[in-house]
Amino acid sequence: MKHIIFLIAAIFMANSTIAQTIEVCKTCPNSTLKKGIANAKSFDTIVVKNGTYKEHNVIVDKPLTIIGKNYPVIDGELKGEIITIISDSVTVDGLFIKNVGNSYTEDYAAIRVKNSKHFLIQNLVLEKLFFGIYIEKSRYGKIFHNKIVGEAVEEYNSGNGIQLWYSKNVEIEHNFVQHVRDGIYLEFSDFCTIKNNESTLNVRYGLHFMFSNDDTYQDNTFENNGAGVAVMFSKRIKMFNNTFKENWGTASYGLLLKEINDAEIEGNTFEDNTIGINVEGSNRISYKHNTFKENGWAVKVKGACYTNIFTENNFLYNSFDIAYNSKVNDNAFDRNYWSNYTGYDLDKNGIGDVPYRPVKLFSYIVNRTPETIILLRSMFIDIIDFSEKVSPVFTPDDLLDNNPQIKKLTW
Amino acid sequence: MRLRLYYPITMLKILKYSFYDLMRSRWSYVYFAFYLLLGVVLLFLNNDLSKAVITLMNVIIVLVPLIGTIFGVMYYYNSQEFTELLLAQPVKRSSIFLGQYLGVALSLSMSLILGLGIPFVFYGLFESSAIWDFSLLLVTGTFLTLIFTALAFNIALTNENKIKGFGYAILLWLFLAVIYDGLFLMTLILFEDYPLDKLSLIGTMLNPIDLSRTLILLKLDISALLGYTGAVFKQFFGTSFGFIISFIMLTIWVVMPVLRIVFKSKKKDF
């Protein structure tokens, strides 16, 4: 009993001495964030009051909780990096950070986390930035509900909204990223979850993976980016229930897969993209329950793609359903709904009696001479497509869906 | 009686006559019924306005020119005796032929617009997003009717022989609807080493069927069209420039054959 009372008293005293709340405001003793951090002890909470603080190179070197009241403005005056976190267990919440310095030699970020664990970055608003949130060699963190609006025009002089580099187990949720180079960029980052984000109007990609494995992204929206999502040189990526929309242009895709193995792509919607999914050198990928609607090309397969399996997807009113550039096929299509299917179902089991050939001869011609796209939907093209359908010469003859659905699939 | 004889017979009067004559004829109803049926069946089978619009586009681009040419030639030959009677009256020649031409073209356009319009309106076109695609379809259909009826009148005016006239009319349709695209495709593939975007756009302009097809592609397949890298393409398809040029070209395609009708009818011996 004595021991317990002593313990409780000890904890109480420890709390009162360690976890203090420090206020930062224009008229306080701590008139800048830098001073506040310098005067704080580990595990203190710093409350930043409303106002404009002209600061850059703020280094957070102890476990602190920094909370902004009514969105105080941290203005970097274009001088360089603004906040750098080099300690574990840091929380940054509710700041308005703007005017990050631009550089061609260094990646200045609005907020950078370096070699840290258990960080939480939430409710920030970032504007006029170079890089937004930069996570470097850090683990077990969360980036939640931030709004990042850049002014990127060209790729070479702009940075990414949220960038992960050699980081693991990071959760990125409910963020809103606009007008930067890559909305969210992961390089050498494994076991991350990217959920419910909205990445739009970015110069390059909405979301970009490089050499990152075992990541999941789901329920995100990628709209009107240079290209929606690029997944490159990565393994075991899960892509669920995302929306890829209106990624228009000559090298524009909803989703780009390059050297990807063992991925799962399920329940996504691809709408109004020039190319829905562009697949290059990717193997053992399962495509299930996706909807491809009104894309130029729903899926474009370029060389060296083996064991990609398309089951129960909806292909609705795309100019081309599938395009191949070779005669070899090792991919399977089964039980999909194709709006371009013209067969019949005499035994009424909901499956068409004639197999569907998703690759048209015309897509080969367009591949060879791109200008011929202008003859799309011409009667002559319909005739040659029909003759190719009857006796395939140029298209892989084993590329067909043996069980095309008669009715649009719903899940 | 004498007064009435001097009452000028204008183009409008002939147009009215031709129009009512056609309205009473069986063929207009067949044509109207065909489009009505097509619209109803398409909507019944598809349950989806935007897909029905795509299917309709294929039909309109091929069938409207065919019906326009055949009907135009047929009407001209059938009313040849009446035309000769009119020619004996103090009527300007251009009024006679233009009146007849407009009578045919307008009644055909009306069948098209009403035949397709009625089922789509009943299906809830006005609440649908497909309304612009659909109106574009009807506008192009009307343009194609005007163009191909005029071309048909040209053929009929130059050929006294009915069989020859019909033959040329069908050949013209076959050429513009199918063969032209085949030759066009061959040319593009043959010269694929050269920059072709200008050539392909010019090639499209020279054929009214291709022109209307492109106009509809601009609406339906814009995402695929933007996949091509050419700057000229991009300017043409990416802005309203393509739309405006296409419409100007379609108008030229109507005006040219009509001018030839006027010119030819003035010189022709009957």
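Predicted model: local features only at pLDDT ≥ 70, side-chain atom pairs only at ≥ 80, totals over all residues.
The secondary structure of chain A comprises four helices and 39 strands, and its C-alpha trace extends over about 85 × 55 × 30 Å along the principal axes. Chain A has 411 residues, of which 45% are classed as buried. Among the contacts in chain A that join residues with a separation of 6 or more, 45% are accounted for by residues 24 or more positions apart.

In the contact between the two chains, 29 residues are drawn from chain A and 29 residues from chain B. On the side of chain B that touches chain A, at least two residues each are supplied by helix 4 (49-78), helix 8 (162-190), helix 9 (197-205), helix 10 (208-220) and helix 11 (222-225) of chain B. Of the elements of chain B, helix 8 gives the most to this side, with eight residues. When the residues on the side of chain B that touches chain A are sorted by class, 14 are nonpolar, nine are polar and six are charged.

The largest nonpolar core contains 177 residues, and the members that touch the most other members are A:Ala110, A:Ile111, A:Ile133, B:Val53 and B:Tyr101. Helix 4 of chain B provides the largest share of this core, namely 14 residues. When residues up to four places away in sequence are not counted, B:Val53 touches B:Ala130, B:Asp133, B:Phe134 and B:Leu137.

A:Asp272 is classed as partly exposed because 19 other C-beta atoms lie within 10 Å, whereas a residue counts as buried if 20 or more do so. A:Lys348, which is likewise a residue other than glycine, has a positive phi near 55°, and A:Lys348 is found in the loop between strand 39 (337-338) and helix 3 (361-368) of chain A. For A:Lys348, 7 other C-beta atoms lie within 10 Å, and this residue is therefore classed as exposed, the cut-off for that class being 12 or fewer.

Definitions and conventions. Residues numbered from 1 in each chain as written. Chains lettered and ligands numbered in written order. Contact = placed C-beta atoms within 7 Å. Nonpolar A, V, L, I, M, F, W, Y, C, P; charged D, E, K, R; others polar. Core = buried A, V, L, I, M, F, W, Y, C linked by C-beta atoms within 7 Å.
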